[in-house]
Amino acid sequence: MTVPGGTVPRTPPEQAAARVLQEAQAECRAIGEPWARWPIDVEFIASLLYNLGIKRTPNLQVGGRTYAGLLQADAGLIVVDAAHHEHRQRFTIAHEIGHYVLHYQQGRGIASYQDTPETLETSHLTHEAEANAFAAELLMPREQIQVMYTLERGVAVKMARHFKVSAEAMERRLAGLGLPVHRRSNWA
């Protein structure tokens with residue numbers, strides 16, 4: 001089966017995420033740790049490469065406003081809403097790493113990002129769209145998506161389980177790669 005979508009060029013945020021994965025792999029080799037690729041351990045990457053801690057807070061609110069997550073770069077901390085599903089928390093952590101790599105480290109942003117559930121879904125805000133693209137590539141790397149697409153016959157929910165992301169995140173990733181989205185298996 002030929003997998004379509006292989007010609008969609010990587011965006012700069014996706015390129016940055018691919019570099020982060022390569023760096024994490026190299027660091028694992030250097031310290032004698034095995035590199036577990038399925039699913040990507042975003043907390044390990046945050047700690048290993050950027051010395052970022054993760055704090056879970058139920059019903060994360062600041063100033064009466066609810067947040068999915070926030071980055072406090074100067075404090076070396078990512079805070080996520082513990083009330084969210086594990087898969088949402090993973091995407092939020094990857095998203096905040098994206099802010100750190102793309103915006104904070106490169107001097108393009110502020111030291112603190114607060115992401116509401118709405119901003120994580122909003123693609124018209126440049127920094128948010130970049131952090132979402134980064135998170136998608138970090139959690140669902142293009143090459144692994146193409147392999148799993150063939151193995152799972154493009155069934156998004158099966159692929160989502162494998163990568164520990166939501167079905168919606170997987171569907172968006174597949175669409176972004178130009179791959180047809182299958183919501184259920186015709187083989188069951």
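This is a predicted model: local features need pLDDT of at least 70, side-chain atom pairs count only at pLDDT 80 or more; totals for chains, interfaces and linings use all residues.
**Note on helix packing and a pocket**

1. The angle at which α3 (residues 86-104) and α5 (residues 126-139) pack is about 120°, and their axes lie 7 Å apart. The crossing in which α3 passes α5 is right-handed.

2. On the α3 side, this contact is made by Arg90, Phe91, Ala94, His95, Ile97, Gly98, His99, Val101, Leu102 and His103. On the α5 side, the residues involved are His127, Glu128, Glu130, Ala131, Asn132, Phe134, Ala135, Ala136, Leu138 and Leu139. Sorted by class, the residues of the contact of α3 with α5 comprise 11 nonpolar, 6 polar and 3 charged.

3. Helix α5 also packs with α1, here at an angle of about 40° and with the two axes 8 Å apart. The crossing of α1 and α5 is right-handed.

4. From α1, the residues Pro13, Glu14, Ala16, Ala17, Ala18, Val20 and Leu21 take part in the contact with α5, which for its part contributes Glu130, Ala133, Phe134, Glu137 and Leu138. The class count for the contact of α1 with α5 is 9 nonpolar and 3 charged residues, with no polar ones. Glu130, Phe134 and Leu138 of α5, listed here, are also among the residues of α5 that meet α3.

5. The pair formed by α6 and α7 (residues 156-163) packs at an angle of about 130°, with the axes 10 Å apart, and α6 is therefore oblique to α7. As α6 passes α7, the crossing is right-handed. Gln144, Ile145, Met148 and Tyr149 of α6 meet Met159, His162 and Phe163 of α7, and by class this contact has 5 nonpolar and 2 polar residues but no charged ones.

6. The second largest pocket, with a volume of about 180 Å³, is lined by Arg10, Ala18, Leu21, Gln22, Gln25, Trp35, Arg37, Ile40, Glu137, Pro141, Glu143 and Gln144. The elements that give two or more residues to this lining are α1 (12-31) and α6 (142-151), and α1 gives the most, with 4 residues. The lining divides by class into 5 nonpolar, 3 polar and 4 charged residues.

Notes
Residues are numbered from 1 along each chain as its sequence is written. Side-chain values use heavy atoms; hydrogens and water are left out. Axes are lines fitted to C-alpha atoms, for helices over the stretch in contact, and angles run from 0 to 180 degrees between N-to-C directions. A crossing is left-handed if the near helix is turned anticlockwise from the far one by less than a right angle, and right-handed if clockwise. Contact means heavy atoms within 4.5 Å. Ala, Val, Leu, Ile, Met, Phe, Trp, Tyr, Cys and Pro count as nonpolar, Asp, Glu, Lys and Arg as charged, and the others, Gly among them, as polar. On a 1 Å grid over the protein atoms alone, a cavity is a set of points where a 1.4 Å probe fits but cannot get out, and a pocket is an open set with protein on both sides within 12 Å along at least five of seven lines; lining residues have an atom within 4 Å of a point. Grid points are joined across faces, edges and corners, and a volume is the space filled by probe spheres set on the points. Angles under 35 degrees count as roughly parallel, over 145 as roughly antiparallel, 65 to 115 as roughly perpendicular and the rest as oblique.
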